[in-house]
Amino acid sequence: MTALLIRDLHAWYEKSHILQGVDVEVQKGKTVAILGRNGAGKTTTLRSIMGLVRTQGTITFDGRSVVGVPTHEIAGRGLALVPENRAIFSTLDVRENLSIARRKGSPWTPDAAAELFPVLRKRWKSAAGRLSGGEQQMLAIARALMTNPKLLLLDEPTEGLAPVIVDQLVELMLNLKARGLTILLVEQSIQVCSAVADVHAILDEGRVVWTGSTASLSSSADILAKHLTLENA
Ligand SMILES: Nc1ncnc2c1ncn2[C@@H]1O[C@H](COP(=O)(O)OP(=O)(O)OP(=O)(O)O)[C@@H](O)[C@H]1O
């Protein structure tokens, strides 16, 4: 069953035409990864879904259009974005960051999140701004869970983190997937995408130029060389 359907999506910043016909489909309970070079339009795709960019085209979630819907209403329908800059409150402690994000009635409480993120439990009373990059990323994901999302949008969660932390984040994403969460992941690391995602979409200059399974991604060296920065391959 389709959770998110994007068809012929165009997006603009002022007069710059950034997305030029993006097509992405995410099935319920599955993880789709969007790969692409810097500036390809990956973040803009996530921001478009959340109603943060001027768009044209089709975006439906659970069968209902979200185009033109205010961002807080889109969030209320069960979408949560973890942005690249993490958007945590640096002067509040970990527990406060979680409490403040919790939506009424959400089964996710700070204590429930701590079960899934033991790293955060250890830093419970630390100001978020004092956490390491990896801990901040965990906190940003935990904060998004507090809203009880059906679809989690993750923008380059592993960027700039040490390999051991990247492995922990991969485990975490697999755990969330095992709990039935639907995930749209933006990533530059092919290893991370291959470990987590069921379907991969390569974005180049505002268009999806290739979509396929993990098996076909790993056997498509020509596609990767053409559309990605190979140091990440
Ligand atoms: N607020 C903005 N105003 C104008 N142009 C923007 C804005 N944000 C992004 N852009 C431009 O839109 C294009 C796509 O940017 P986007 O952030 O979606 O790329 P990306 O694939 O996520 O890359 P990165 O990995 O660098 O974040 C780039 O050319 C970028 O310069």
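Predicted model: local features only at pLDDT ≥ 70, side-chain atom pairs only at ≥ 80, totals over all residues.
Local features are taken from residues with pLDDT of at least 70 and side-chain atom pairs count only at pLDDT 80 or more, while totals for chains, interfaces and linings use all residues. Residue numbers start from 1 along each chain as its sequence is written.

Two strands count as paired if DSSP finds at least two bridges between them.

Going through the pairs, strand 1 and strand 2 are joined in the antiparallel sense by nine bridges, and Tyr-13 has Ser-16 of strand 2 as its bridge partner. Strand 1 (residues 2–13) also runs antiparallel to strand 4 (residues 54–61), with seven bridges between them; here His-10 stands opposite Gln-56 in strand 4. Strand 4 then pairs with strand 5 (residues 64–65), again antiparallel, over two bridges, and Thr-60 stands opposite Ser-65 in strand 5. Strand 4 and strand 5 make a hairpin with two residues between them, and Asp-62 in the turn has a positive phi of about 50°.

The loop between strand 1 and strand 2 holds Glu-14, which has a positive phi of about 50° although it is not a glycine. For burial, the count is of other C-beta atoms, placed from the backbone, within 10 Å of a residue's own: 20 or more is buried, 12 or fewer is exposed, and anything in between is partly exposed. Glu-14 has 6 such neighbours and so counts as exposed.

The other open sheet has six strands in the order 6-7-8-3-9-10, with mixed pairing. Strand 6 and strand 10 (207–213) are at the edges, each with a single partner strand, so one side of each is left without a neighbour in the sheet. From one strand to the next, the twist averages 15°; axes are lines fitted to C-alpha atoms, for helices over the stretch in contact, and angles run from 0 to 180 degrees between N-to-C directions. Within this sheet, strand 7 and strand 8 (residues 182–187) pair in the parallel sense over five bridges, and Leu-153 stands opposite Leu-184 in strand 8. Helix 1 packs on the sheet, touching strand 3 (31–35), strand 6, strand 7, strand 8 and strand 9, and its direction makes about 150° with that of strand 7. Contact here requires C-beta atoms, placed from the backbone, within 7 Å of each other.

Eight of the eight residues of helix 1 are buried, so the rest of the structure largely encloses it. After helix 1 comes Gly-51, with a positive phi near 75°.

Helix 1 turns up again at the ligand, where it gives the most to the shell, with three residues. A residue belongs to the surroundings if its C-beta atom, placed from the backbone, lies within 6 Å of the molecule. Among those surrounding the ligand are Tyr-13, Ser-16, Gly-36, Asn-38, Lys-42, Thr-43 and Thr-44. By class, the shell has three nonpolar, seven polar and one charged residues, where Ala, Val, Leu, Ile, Met, Phe, Trp, Tyr, Cys and Pro count as nonpolar, Asp, Glu, Lys and Arg as charged, and the others, Gly among them, as polar.

Helix 6 (residues 133–145) has 13 residues and reaches 19 Å from its first C-alpha to its last, close to the expected 18 Å; the expected span is 1.5 Å times one less than the number of residues. Of the 13 residues, 11 are buried, so helix 6 is largely enclosed by the rest of the structure. Its cover includes strand 6 (79–82), helix 3 (94–101), helix 4 (110–116), helix 5 (118–122), strand 7 (151–155) and helix 7 (163–178). In the loop between helix 6 and strand 7 is Asn-148, with a positive phi of about 55° although it is not a glycine. Asn-148 has 15 C-beta neighbours inside 10 Å and so counts as partly exposed.

Finally, Ile-202 of strand 9 (residues 199–204) is buried, with 24 other C-beta atoms within 10 Å. Leaving aside neighbours within four places in sequence, Ile-202 has contacts that include Leu-35, Gly-36, Trp-210 and Leu-228. The C-alpha atoms of Ile-202 and Leu-228 are separated by 8.2 Å, with the two residues 26 apart along the chain.

Conventions:
Helix = DSSP H or I, 4+ residues; strand = E, 2+ residues; numbered from the N terminus. Contact = placed C-beta atoms within 7 Å.
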